[in-house]
Amino acid sequence: MTRFRRNARAPAEPVTPRSLGYAMPAEWAPHRATWLAWPHNRETWPEALERVRDAWLAMIRALIPGEEVCLLVNDEPMRRDVEARLVHAGLPLDRIPLLVVPTVDVWTRDYGPTFVTRGEPLDPVALNDWIFNGWGNKYQGYDRDDGVARALAALLGLPVFEHDVVLEGGSIDVNGAGICLTTEQCLLNQNRNPALDRATIETFLGEALGVERVVWLGRGIAGDDTDGHIDDIARFVNPTTIACVVTEDPRDENYKALQENYERLQSARDAAGGRFSVVKLPSPEPVVHAGAALPASYANFYIANHAVLVPTFDDAADREALGILRELFPGRAVIGISCRAVVAGLGGIHCVTQQEPSAGPSRD
């Protein structure tokens, strides 16, 4: 069931985003802001938390020329500490509001809201609030971050669609023209919504995101504890072009799954029935921590207003991946952010960012 609330005291209405004219814009549509949470969980990064915080400062520096960066902190002592770090880094505090919203960890893409827009003056921006269950109940206590989306709705004063469906933002990607990318490994997983079949999920995504068609890929990459989030394997870069991670090494444990995904995309169709242009992104050499593979992927980039932030891994393929993405985003600065320390926490740049769209028209 979906409940729609304009404010905390309004009665719930059984409506969907699509029924009120909302749809999820593509990531390249104009943003009002990017949302981040300040890294603080030492269980996630027991050895490299300060290096991870340096990556956050690099991301903020790259983002603020084009948009505001809203930064979640757990309490007043953390707010003061982060403010001091921003000042020391020479970053403008007027572009980086610090908001006290407690979080377990930094994965705002997955537990935060997914924003939708419509071309009407009344409530042009709203948000979807999914259920977050810690990626299939894998991590005790992480489901406490399920309340962050509602907290942000209250802060922003935006209407909210409350969905009784488990879903993480990193499991979906849209082109703003009727298509949603996702994976069978994640959305059909029994640890999310065991009572929902493929057809029901497709209908739900259509109503919640305003899309016409769902393109299903198979599996994600090794080390991905999210059960195959799409943002590690294939991403829209414009309405008709998809960047898809592959490896040309048959010995790589990801080889078969990535080749199958690439083949599925070659036969996929857009909302008008046309084929997509599918551009290959390389894979870095396996990144391993404590004997386990990590989900290091160049597809985990984030499209901001004036820049594209791309994870790099001190790998020979970094330069190739950045070059490909610079060709795909000629109007934006493509900026590499060192993420070898970040990915030890099993995520990357896209996993920790969430775009809040502006209320203006979409940018193609």
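Leaving out neighbours up to four places away in sequence, Arg275 contacts Gln266, Ser267, Ala268 and Arg269. These contacts are drawn from a predicted model. Arg275 belongs to the loop that runs between helix H8 (255-267) and strand S13 (277-281). Its side chain comes to 2.7 Å from the backbone oxygen of Gln266. With a relative accessible area of 52%, Arg275 counts as exposed, because the value is over 50%. Between the C-alpha atoms of Arg275 and Gln190, which are 85 residues apart along the chain, the separation is 31 Å.

Thr182 is part of strand S9 (residues 179-183). Thr182 has a relative accessible area of 0% and is therefore buried, the limit being under 20%. Not counting residues up to four places away in sequence, Thr182 touches Ser171, Ile172, Leu187, Val214, Val215, Trp216, Leu217 and Ile230. With Ser171 there is also an approach by the side chain of Thr182, which reaches the backbone oxygen of that residue at 2.7 Å.

The cysteines are considered next. The count of disulfides is 0. Cys180 takes part in no disulfide, and the nearest cysteine sulfur to it, belonging to Cys186, is 11 Å away. Cys244 is likewise in no disulfide; for Cys244 the nearest cysteine sulfur is that of Cys180, at 16 Å.

| Residue | Relative accessible area | Class |
|---|---|---|
| Thr182 | 0% | buried |
| Cys180 | 0% | buried |
| Cys244 | 0% | buried |
| Arg275 | 52% | exposed |

How values were computed:
Residues numbered from 1 in each chain as written. Predicted model: local features only at pLDDT ≥ 70, side-chain atom pairs only at ≥ 80, totals over all residues. Heavy atoms only, no water. Helix = DSSP H or I, 4+ residues; strand = E, 2+ residues; numbered from the N terminus. Buried < 20%, exposed > 50% of the residue type's maximum accessible area, 1.4 Å probe, protein only. Polar contact = N/O pair within 3.5 Å; in protein donor to acceptor, adjacent residues only side chain to side chain. Contact = heavy atoms within 4.5 Å. Disulfide = S-S within 2.5 Å.
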